[in-house]
Number of protein chains: 2
Amino acid sequence: MGTPVSTETTVACNAVTTGPISGSHKRHLEIDGLSIPQRRIELTNGEHLDVYDTSGPYTDDTATIDLERGLPRTRDSWRRPATVDGASTQLAWARAGLVTDEMRYVAAREGVDVELVRTEVAAGRAVIPVNHRHPESEPMIIGKRFAVKVNANIGNSAVTSSIAEEVEKMVWATRWGADTIMDLSTGAEIHQTREWILRNSPVPVGTVPIYQALEKVKGDPTALTWELYRDTVIEQAEQGVDYMTVHAGVLWRYVPLTARRVTGIVSRGGSIMAAWCLAHQQESFLYTNFAELCEIFARYDITFSLGDGLRPGSIADANDDAQFAELRTLGELTTIAKSHGVQVMIEGPGHVPMHKIAENVRLEEELCEEAPFYTLGPLATDIAPAYDHITSAIGAAMIAQAGTAMLCYVTPKEHLGLPNRDDVKVGVITYKIAAHSADLAKGHPRAQERDDALSKARFEFRWHDQFNLALDPDTAREFHDETLPAEPAKTAHFCSMCGPKFCSMRISHDIRAQAESDATLLPLEVSTR
Amino acid sequence: MGTPVSTETTVACNAVTTGPISGSHKRHLEIDGLSIPQRRIELTNGEHLDVYDTSGPYTDDTATIDLERGLPRTRDSWRRPATVDGASTQLAWARAGLVTDEMRYVAAREGVDVELVRTEVAAGRAVIPVNHRHPESEPMIIGKRFAVKVNANIGNSAVTSSIAEEVEKMVWATRWGADTIMDLSTGAEIHQTREWILRNSPVPVGTVPIYQALEKVKGDPTALTWELYRDTVIEQAEQGVDYMTVHAGVLWRYVPLTARRVTGIVSRGGSIMAAWCLAHQQESFLYTNFAELCEIFARYDITFSLGDGLRPGSIADANDDAQFAELRTLGELTTIAKSHGVQVMIEGPGHVPMHKIAENVRLEEELCEEAPFYTLGPLATDIAPAYDHITSAIGAAMIAQAGTAMLCYVTPKEHLGLPNRDDVKVGVITYKIAAHSADLAKGHPRAQERDDALSKARFEFRWHDQFNLALDPDTAREFHDETLPAEPAKTAHFCSMCGPKFCSMRISHDIRAQAESDATLLPLEVSTR
């Protein structure tokens with residue numbers, strides 16, 4: 001397994017997709033002994049564009065990939081400040097005014113000042129999910145002042161999928177731009193699957209520990225105990241999980257609020273905890289033991305992703321009492337977690353019509369001290385299963401524009417089945433579109449560079465550059481070639497949409513040339529608004 | 001050709017897709033001698049849902065389809081009021097307080113009061129595009145107080161495609177929900193292609209007459225004349241074209257405003273007229289002869305779709321002086337057209353980042369007397385060719401929520417090639433999602449019925465109903481069956497995403513049942529915000 005596999009090849013047992021994305025190559029920005037990955041897209045006019053890169057060594061022609069050995073443990077050699085107030089976390093250090101290597105790394109990666117990173121982390125408005133035991137990861141930051149991030153869910157279930165497939169899904173998802181991945185495995189070999197993913201993942205890995213806990217009690221939620229859950233969290237913490245979804249806001253008294261909903265409780269974690277509370281007639285053990293959980297998280301620097309166990313699963317249930325009662329509790333838990341020096345994100349709703357999106361962000365910020373919001377979609381309508389990557393991308397773009405820091409992707413298979421490799425790619429690309437659209441709308445300093453470079457290539461009929469600057473160069477090229485496969489069409493001043501006689505862009509060039517060669521052809525008076 | 005072809009079959013020369021969409025059948029609402037088409041989705045729990053239907057007789061099991069003969073000329077027998085003030089248009093009649101059969105038809109179709117229809121048409125805030133010579137069409141209304149509509153572009157080009165393909169694309173697009181279609185053919189046999197489409201189209205047909213005019217002068221824009229253009233318009237008017245895009249707002253003096261743009265002029269019509277103005281050093285013949293054009297339109301009741309010839313073709317060019325200068329002129333032309341009794345829509349921009357969308361609607365309404373806005377997308381980013389149905393659906397949903405009345409679809413092939421049959425379907429479904437999301441957000445009275453019905457089916461594990469209530473039942477079923485093909489899975493209380501042990505919805509049912517059977521299990525105090 002020492003030799004990289006060629007581009008786009010997949011092997012069942014032990015290999016993954018490697019090699020650069022079309023028209024680009026991996027490079028590193030060397031800053032203060034840190035090596036920041038970038039993807040350089042080379043253009044045919046001699047220019048180039050460097051873009052944010054999440055794909056790890058897999059797209060590096062010079063790297064040797066060995067899944068058995070795992071990725072290099074780069075962060076093991078970084079300086080780690082002393083524990084502050086019982087916590088060895090980015091939050092504790094940021095508050096103490098310490099700038100960590102992780103902060104310098106993400107600042108260089110985003111192209112922003114490191115002091116912005118430190119202050120946003122210190123305020124709890126941004127998180128850097130970096131378990132000390134996941135030294136293979138390339139740090140990244142999640143917060144509204146930074147580029148909007150995308151998470152891809154992977155994970156086997158009782159019905160289908162294998163470890164090798166899941167590792168390849170991780171590599172595949174990060175290749176196309178996933179900033180973090182969540183391993184949501186629920187079937188057999190959860191521990192081993194996660195170990196393979198962590199040792200080979202260049203991005204932070206999130207989990208939902210209650211899933212594995214439930215496996216340990218053979219799927220009976222009423223048999224869960226705090227001790228079993230805690231041990232599961234420690235097991236995962238030791239492996240290096242960077243952030244964990246904890247549904248500690250599903251309180252006993254909130255359960256009846258879901259009784260008249262159209263779709264009840266749709267979060268798996270939420271329904272498990274609700275069932276437990278009702279069976280035991282007790283408050284949730286996640287809530288009553290939350291402080292102890294914080295102490296564990298503080299030791300490893302695991303970030304809370306406080307789960308929205310009562311999120312709406314349909315348009316009808318959006319923004320209801322159950323959802324916002326839980327959100328208020330998540331706000332209380334945020335304060336507790338931060339008092340332990342633990343980083344916190346808040347998970348957000350799944351189905352919300354467009355006119356109810358803004359209120360979600362407003363309330364989250366108000367109730368949860370502006371902790372980074374991490375939303376699933378939301379889906380703007382329920383009526384298009386098989387297209388829920390699109391129904392949700394509409395909501396995702398809007399909620400990200402309003403301030404959401406990370407978007408959890410949705411694939412075309414949502415509500416219908418487990419995503420395959422193609423679905424994962426479509427899901428990631430769709431969510432990169434939503435995230436990037438929000439970056440543009442929020443005025444992220446570097447976002448428009450890529451739009452401008454692509455549009456310029458389009459106007460100048462540099463077809464290869466247009467493909468290579470695209471989020472998915474391969475599909476763009478393939479679609480073009482369906483109608484005009486010959487190489488000369490790649491420099492032709494027209495395409496198959498209008499044909500050679502009608503190209504507006506060519507006429508536009510003619511107009512510009514004419515205007516430049518003879519200024520008298522243009523009228524003198526120019527009216528502008 | 002007397003026998004309907006079976007569902008989903010396509011024949012190269014003379015047949016099209018017929019038969020009902022899965023799980024539904026065509027029915028008609030009989031009101032005052034008018035027969036309004038609906039699609040009834042039958043559910044396994046004995047309920048049903050009637051939805052708006054654009055597909056014409058092609059989905060009617062009892063109809064005989066004969067493409068040579070064309071659809072029945074139903075509207076020939078409807079009462080047509082006398083000409084008012086020189087115009088025999090829905091606008092003139094609405095202003096005169098007359099309620100036409102077309103108004104009654106669209107009111108029943110939308111489920112609204114006919115007086116709302118008449119007043120909105122009279123105010124010019126809505127249009128009913130119905131050329132007297134297209135009696136085969138089923139009237140529909142475009143306006144912000146009504147359901148958001150979707151247009152699908154079809155049409156051959158010099159590079160590819162045949163007449164039979166284009167007729168099938170029309171049938172196919174309306175099957176999946178296109179409310180109007182535009183025939184943008186630019187190649188040979190334009191007249192004949194359009195004739196076939198018109199005689200067989202149950203929805204209004206739009207064109208851009210300058211394309212055919214340019215064919216007549218062999219593609220040399222400088223050889224165009226008013227007379228040739230006018231004769232082309234009359235030729236198309238006689239055939240029954242319901243609305244025509246006219247780029248009369250591209251004034252000579254606006255052309256230099258595009259010189260420093262990243263992507264110049266991207267509208268074909270816009271670039272043709274710009275080239276003509278510069279070559280002749282004269283004002284656009286569309287602008288100088290606009291009154292005569294209005295007289296022609298008034299005779300047939302053709303609706304203007306005032307083209308945005310200077311629309312931005314990239315994020316960098318959005319909302320610039322060229323775009324808004326033209327919009328101001330379109331406002332002047334709106335006033336002139338309406339003074340001739342002619343109905344008017346305004347076309348809107350192609351590439352606009354999210355934060356600049358609202359201004360487009362605000363200005364359009366302010367400058368163009370709230371004439372219905374008809375937008376292409378807009379695309380919220382330039383960086384995803386091959387996914388521009390998605391980049392544009394984000395913008396489309398947002399601009400429709402803000403007040404756009406009709407959305408022009410974008411297919412995955414946009415910027416890359418001509419859409420095939422699959423692309424047309426994906427484009428239409430994607431835009432139905434955007435339109436429906438906006439209907440929900442605007443509180444359209446009947447919009448949420450379908451979301452609620454589908455979500456209820458989802459929660460009750462009625463898989464067949466969930467598929468059949470979807471915008472695309474076939475793909476939803478296919479995706480589900482990829483992992484769980486067996487028939488028992490269609491009633492199973494789980495799916496492949498979580499597997500049998502983990503289904504949150506099933507647990508949710510258990511919770512509900514438990515709560516109902518023993519109220520003491522629930523805590524007494526219920527906290528709501």
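1. The expected span of a helix is 1.5 Å times one less than its number of residues. Helices (H or I, at least four residues) and strands (E, at least two) are DSSP runs, numbered from the N terminus. Helix 11 (residues 321-339) of chain A has 19 residues. From first C-alpha to last it reaches 28 Å, close to the 27 Å expected. Just after helix 11, A:Gly341 has a positive phi of about 80°.

2. A note on conventions. This is a predicted model, in which local features need pLDDT of at least 70 and side-chain atom pairs count only at pLDDT 80 or more, while totals for chains, interfaces and linings use all residues. Residues are numbered from 1 along each chain as its sequence is written, chains are lettered from A and ligands numbered from 1 in the order in which they are written, and side-chain values use heavy atoms, with hydrogens and water left out.

3. Chain B holds an open sheet of three strands in the order 1-2-3, with antiparallel pairing. Two strands pair if DSSP finds at least two bridges between them. Strand 1 (24-31) and strand 3 (48-52) are the edges, each pairing on one side only. The twist averages 40° from one strand to the next. Axes are lines fitted to C-alpha atoms, for helices over the stretch in contact, and angles run from 0 to 180 degrees between N-to-C directions. Five bridges join strand 2 (residues 34-42) of chain B to strand 3 of chain B. Within strand 3 of chain B, B:Val51 is the bridge partner of B:Arg39.

4. Helix 2 (residues 101-110) of chain B lies across strands 1, 2 and 3 of chain B. Its angle to strand 2 of chain B is about 15°. Contact means heavy atoms within 4.5 Å.

5. Over all chains there are 18 aromatic pairs. Rings of Phe, Tyr and Trp (its six-membered ring) pair if their centres lie within 6.5 Å; planes under 30 degrees apart count as stacked, over 60 as edge-to-face and the rest as tilted. B:Trp78 and B:Tyr105 form a tilted pair, because their planes are at 45°, with ring centres 5.5 Å apart. B:Trp78 is in the loop between strand 3 and helix 1 (90-95) of chain B, and B:Tyr105 is in helix 2 of chain B, 27 residues apart. Both B:Trp78 and B:Tyr105 are buried (under 20% relative accessible area, with exposed over 50% and partly exposed in between; 1.4 Å probe, protein chains only).

6. B:Trp276 and B:Phe285 have ring centres 4.9 Å apart and planes at 85°, so this pair is edge-to-face. B:Trp276 is buried at 6% relative accessibility, and B:Phe285 is buried at 3%. In chain A, ring pairs link A:Trp226, A:Tyr229, A:Trp276 and A:Phe285 into a cluster.

7. One charge-over-ring case crosses between chains: the charged end of B:Lys413 sits over the ring of A:Phe479, 5.1 Å from its centre. The criterion is NZ of Lys or CZ of Arg within 6 Å of the ring centre and within 35 degrees of the ring normal. B:Arg175 lies over the face of B:Trp176, 5.6 Å from the ring centre.

8. Strand 9 (residues 243-246) of chain A is covered on both faces. A:Tyr243 and A:Thr245 are buried on one side, A:Met244 and A:Val246 on the other. Strand 9 of chain A runs parallel to strand 8 (residues 205-207) of chain A, with two bridges. It also pairs with strand 10 (residues 303-306) of chain A in the parallel sense, over four bridges.
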